[in-house]
Amino acid sequence: MSDAASKTARKKEIAAYKRQKILTAASSLFREKGLEGTTMRAIATKAGYSTGAPYAYFQSKEEIYADLLSTSLMHLTRAIKSAPTQAETNEQKIRQVFTAYYRYYQSHGEELQLGLYLFSSGEIKKRGFSKETNDQLNGRLLSLMGFMANFLHQFAGARPDIAQSETLDAITYFTGTLMLHTTGRLDIMQVKDQEMIDRYLTQMLKRITKEKEK
């Protein structure tokens with residue numbers, strides 16, 4: 001490798017390192033203060049850089065937030081798609097795929113909080129998200145849900161419309177269960193989260209079977 005090429009590679013490594021430090025610092029602040037309570041100045045300070053440093057990589061805190069969420073959705077999708085590798089029956093495959101959604105966010109609570117804050121905030125434009133960014137995030141989410149719905153269609157024989165509605169219902173239920181789990185409410189009620197997930201999936205598969213028999 002020539003000296004020029006070596007220097008270019010080194011600059012890219014440094015830039016990637018600084019960018020990741022900014023993302024890590026921002027992620028921590030978003031968890032502590034939320035999007036509205038976080039500033040680019042605070043992110044720079046947390047990362048150990050000058051005030052203007054984050055602007056070399058991101059135009060705004062919203063862009064950083066969107067980057068973190070996009071990466072989170074990508075990792076979630078990867079975890080779900082790799083879930084059924086050890087399953088032997090179709091039912092086991094379905095259970096593993098849907099349970100993977102729950103288990104991923106259970107192990108990455110900070111990412112659940114990140115997603116919930118975005119999707120509950122409502123008016124995206126007021127938060128500084130561009131239409132392109134919003135479309136990209138929605139596209140990742142819809143792609144993930146499409147994979148899960150297609151799984152139900154392929155391995156449970158559910159009609160496409162039924163598979164889509166059951167997937168949406170399951171994600172809604174699992175997300176609610178995650179909230180109860182992370183806030184300690186399930187412990188107060190002396191309920192095990194895995195029992196809730198297993199029971200829901202059993203009921204879902206029964207509904208699909210019943211619909212097929214009509």
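**Close-up views of a predicted all-residue model**

**Figure 1. Overall chain and its surface.** Residues are numbered from 1 along each chain as its sequence is written, and side-chain values use heavy atoms, leaving out hydrogens and water. The secondary structure comes to 10 helices and zero strands (DSSP runs of H or I, at least four residues, and of E, at least two, numbered from the N terminus).

**Figure 2. The largest nonpolar core.** This core has 53 residues, and Ile64 and Phe98 have the most contacts inside it. Its members are buried Ala, Val, Leu, Ile, Met, Phe, Trp, Tyr and Cys joined through side-chain atoms within 4.5 Å; buried means under 20% relative accessible area (1.4 Å probe, protein chains only). The largest share, nine residues, comes from α7.

**Figure 3. Surroundings of Ile64.** Leaving aside residues up to four places away in sequence, Ile64 touches Ile22, Leu23, Ala26, Phe30, Met40, Ile43 and Phe58 (heavy atoms within 4.5 Å).

**Figure 4. The second largest pocket.** The space in this pocket is about 250 Å³ (the volume filled by 1.4 Å probe spheres set on points of a 1 Å grid, in an open set with protein on both sides within 12 Å along at least five of seven lines). Of its 14 lining residues, Gln20, Leu68, Thr71, Ser72 and Glu111 are the closest to its centre (lining: an atom within 4 Å of a point). α1 gives the largest share of the lining, six residues.

Conventions
This is a predicted model: local features need pLDDT of at least 70, side-chain atom pairs count only at pLDDT 80 or more; totals for chains, interfaces and linings use all residues. Buried means under 20% relative accessible area, exposed over 50%, partly exposed in between (1.4 Å probe, protein chains only).
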